[in-house]
Amino acid sequence: MFREGPATTASPGKASLDTRYGLLGALLIAPTVLVFCAVIVYPLISAIYLGLFSIYTPTMEGEWVGMDNYRRLLASGEFWRSLLNNVIWTVGTLALQVIFGILVALMLHRNLVFRAFARSLVLFPYFLSTVVAVLVWRWLFNDLYGVLNHLLMWAGIVDMPVDWLGTMPNAMVSLILVGAWKYFPFVVIAVLARLQSIPDELYEAASIDGAGAWGRFVDVTLPQLRDVLIVVVLLRTIWDFKEFDLIYLLTGGGPIIGTQTLPLMVYKEAFALNQMGGASAVAVLMMLIMLLFMILYLSRARD
Amino acid sequence: MAGIRFDQVSKRFGGVTAVNALSMEIQAGEFVSILGPSGCGKTTLLRMLAGLERPSAGAISIGGAVVNELAPAERNVAMVFQTYALYPHMTVAGNIEYPLKKRRVPKTERAGRVREAARVLELEALLGRKPRELSGGQQQRVALGRALVRDPAAFLLDEPLSNLDAKLRTHMRAELIRLHRRIGRTMVYVTHDQLEAMTMSQRIAVLNEGALQQFASPQDIYARPRNDFVAGFIGTPSMNFLDGRLEGTGADRVFRSGDWSLPIGALRLADEHPDPDRRVRLGVRPEHVRLDAQGEPARVILVEPTGHETILVFDYSGNEIVARMDGEVSLEPDDSVRLSFRVAKLHLFAADDGRRLNLDDS
Amino acid sequence: MSAPARKSRRYLFNLFAWTVVLVIAFPLLWMLLTSIKPQSELFLIPPALLPGEITFEHYRRLLTETPFLTYLKNSAWLAGGTTLVVIVIATLGAHSLVRFSYPGRERLATLVLFTYLLPSVVLVIPLYLLMAGLGLANTLTSLIIAYTTFALPYALWLLRSFMKAIPEDLESAALVDGASRMQAFVDVILPQAMPGIISTAMFTAILAWNEYLYALVLVNSDAARPLTTGVINMLVTSFNIEWSLLMAASVMMSVPLIVVFAFLQRYLTRGFSAGAIKG
């Protein structure tokens, strides 16, 4: 009943099935690749290229200056000051986010009346527009009518209204606080998700072994949270480091350049000082610094 | 209805060879099981037959035509998946109807065929339900229904019973045999469960590490295993193996292991004049071990009564020997007994490549 | 521990926890209260917590005397347009990344994750030049194009992990049942991916709704300004800052987010590991 004869693996004149499937797959990803090339890859290369020019923004006329932009930047105090500010802001706000995030997550993991509603209230700031968050906080910080100053004076902590945003180091402290308020829910969500997946047996076993509440936290909870916290810290480091909206809207980098971070310096160079080339160079340097964290995250996420 | 033929089929995933130069021919209408331990390449073989994987080399034919480059849709085979793979968003009726829709069967005809398949599988009351509202056994029947409704050239079943509980599995085994008898279609049944393979199939293909070990009827595979892998894989408890040497020829032949020897002159070998001192493995099925006052001394290690029979483990000249005996045997651990083997039923395998050395009649 | 002691400890814990929650939520509460207080009550010293009289005057003024409605319309178009474009492209792309094999696929997936982390501030200058060159400056189109730079990698990454969770056997079954790859995608994969697609769409819409930097750089006219830059523009251009008006605008801006957020809540913890929470 079977035809005898040499076995053929492909009918002539027709691409093999795997090839046709591969082509279909390539066709489906083609729009993505096209858009990526047009709006991400091209601008990215373009940014690196622009950093080698001196370009006057209004006329967009430029001339090749090679590494001059970089030489100028690395010799300028402003670049190093912005980098320092960037590090202070990132470390400060991240530390508060993580500590506060873990504590609130532990709290919300326990039995609480109206727990779902409490969670919503805590998580919502994260989804709020930064513009709204900043407007609200500027109203709270208002030196004359701001409720924060009144509260502090009423409680006797200060006896003069505090200038929250106009002086240093107040501006940086305010910034770090608002950043922590806006972004700590990210840590809460991550930790809650992880806490929900820790099996109760682990706690029961620890209790049987004689561990108290603190012992259970240190020996059971913290080790289980380790991995998720590493990911959270990496992601938030990347995102906090590149934060523009919050800082630009809350202090504008001021007073003078007291809270100016690298993303703000990029914006200022390009659109206030009209130096597109210099701005691109700052952006490229900033990305190089971030690359370390990005690569760390990429290698973890690929597992 | 169509026969299936594998011609030197290989499949490699990267550097791993899942199926290695496998050839076999399944007759039209035959119920064939592909049996082997997990990772032996049996599911890959089935997926290649369905068109879900492409062979790296060789040819697969269905009904005489090479199908290597045909998409699954063009092969007219039906498949039942281990996970059932029911479409969760469709009702039972929708699931069963789907293959008809894709084959452009007219709507009026579809309804009738769905109803007929549902009737055969006793799913009529469930047609409006979603898969998640069904029990495991019901889901399994829907998966069968989706294959049955189509009248395909061959049915491919990938461990369809492995997610059912023991009782339901026995029931479905009988159902499948009845089904095959009634529709008489070619069925290729992948399983790691030798009981399923032995009870259901007309022929069994035993696979190990991507290579076909033996392709024969269940009786043949059990009584005349082609090598020591098949011998050891088929049968519970497994066959006992004793490593040793052959001495002498013909009626004077002796199997020697250490200082213990067994005359096996009654055993006929395919090659009557092998090298002297040939290294071999002697295979003894547990049911061919018996208590015998004239036998060799042994000590009872373990007694496992199952009711109608008792499984015993002996220390026999330093080897562990498993025996299957009558349920009424009354032995205790550490009892001393004497054992012998039914020499005519012994199996001899070459120690180097494991091939069978017995001369078989058929 | 005795039963009453345990009960009072529980009581204290609830009291403490809710105090913390309310302190966290206070800025939002204050925003709401400010927006419904008469202007005169704003400058009381000390400020009163609850309004003596509730007024919706600020909302009325916001909608009638300011360009707020234009901004709102622009934001809606932006969020809708960006989401539509991105979801269509990303659904096809994610399906390709998950179910097809071709050279370069893994490298592409890594590139997607890399761009997911890329700072907008690096791309904003070249995109500004590109839009000016294309004559798209000051249009909503330019913003939709710019928003794909963060929304597409995001949606792709999210959808990829949602679609990875769909059992491979489902597509295999459809193929054996007679479907082509595209039919299997439409008949089986797409319905299974729908909850993931919907939640991805909503997360994407939130990102677009809240975006600020591109809107600041690429659009400089009220006709194309979205809410984020528009409301800030109201702040900087007015002679004296009208906080009640701004707080009313903030509330209005947040209402769609609250609706979406309520819907997405059950996805939050599940979506976290998939990368749904970005910002």
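Select B:Leu346 and B:Asn358 in this predicted model: the backbone oxygen of B:Leu346 is 2.9 Å from a polar atom of the B:Asn358 side chain. In chain B, B:Asn358 sits in the segment after β19 (347-350).

Next, colour B:Asn358 by accessibility. Its relative accessibility is 9%, so B:Asn358 counts as buried, the cut-off being under 20%. To show its surroundings, select B:Leu267, B:Arg268, B:Leu269 and B:Ala270, then B:Leu346, B:His347 and B:Leu348; B:Asn358 is in contact with these residues, neighbours within four places in sequence being left aside.

Now move to the boundary between chain C and chain B. Here 16 residues of chain C are in contact with 22 residues of chain B. The buried area is about 1,600 Å², with 57% of it from carbon and sulfur atoms. On the chain C side, select C:Asp169, C:Val176 and C:Asp177, which lose the most area to chain B and together make up 40% of what that side buries.

For the charged pairs, select B:Lys102 and C:Asp187: they form a salt bridge, with the closest N and O atoms 2.8 Å apart.

Finally, show α8 (168-176) and α9 (181-210) of chain C, each of which supplies at least two residues of the side touching chain B. The largest share, eight residues, comes from α8(C). By class, the chain C side that touches chain B has eight nonpolar, four polar and four charged residues.

Technical notes. Residues numbered from 1 in each chain as written. Chains lettered and ligands numbered in written order. Predicted model: local features only at pLDDT ≥ 70, side-chain atom pairs only at ≥ 80, totals over all residues. Heavy atoms only, no water. Helix = DSSP H or I, 4+ residues; strand = E, 2+ residues; numbered from the N terminus. Buried < 20%, exposed > 50% of the residue type's maximum accessible area, 1.4 Å probe, protein only. Polar contact = N/O pair within 3.5 Å; in protein donor to acceptor, adjacent residues only side chain to side chain. Contact = heavy atoms within 4.5 Å. Buried area = accessible area lost by both parts, 1.4 Å probe. Salt bridge = Lys/Arg side-chain N within 4 Å of Asp/Glu carboxyl O. Nonpolar A, V, L, I, M, F, W, Y, C, P; charged D, E, K, R; others polar.
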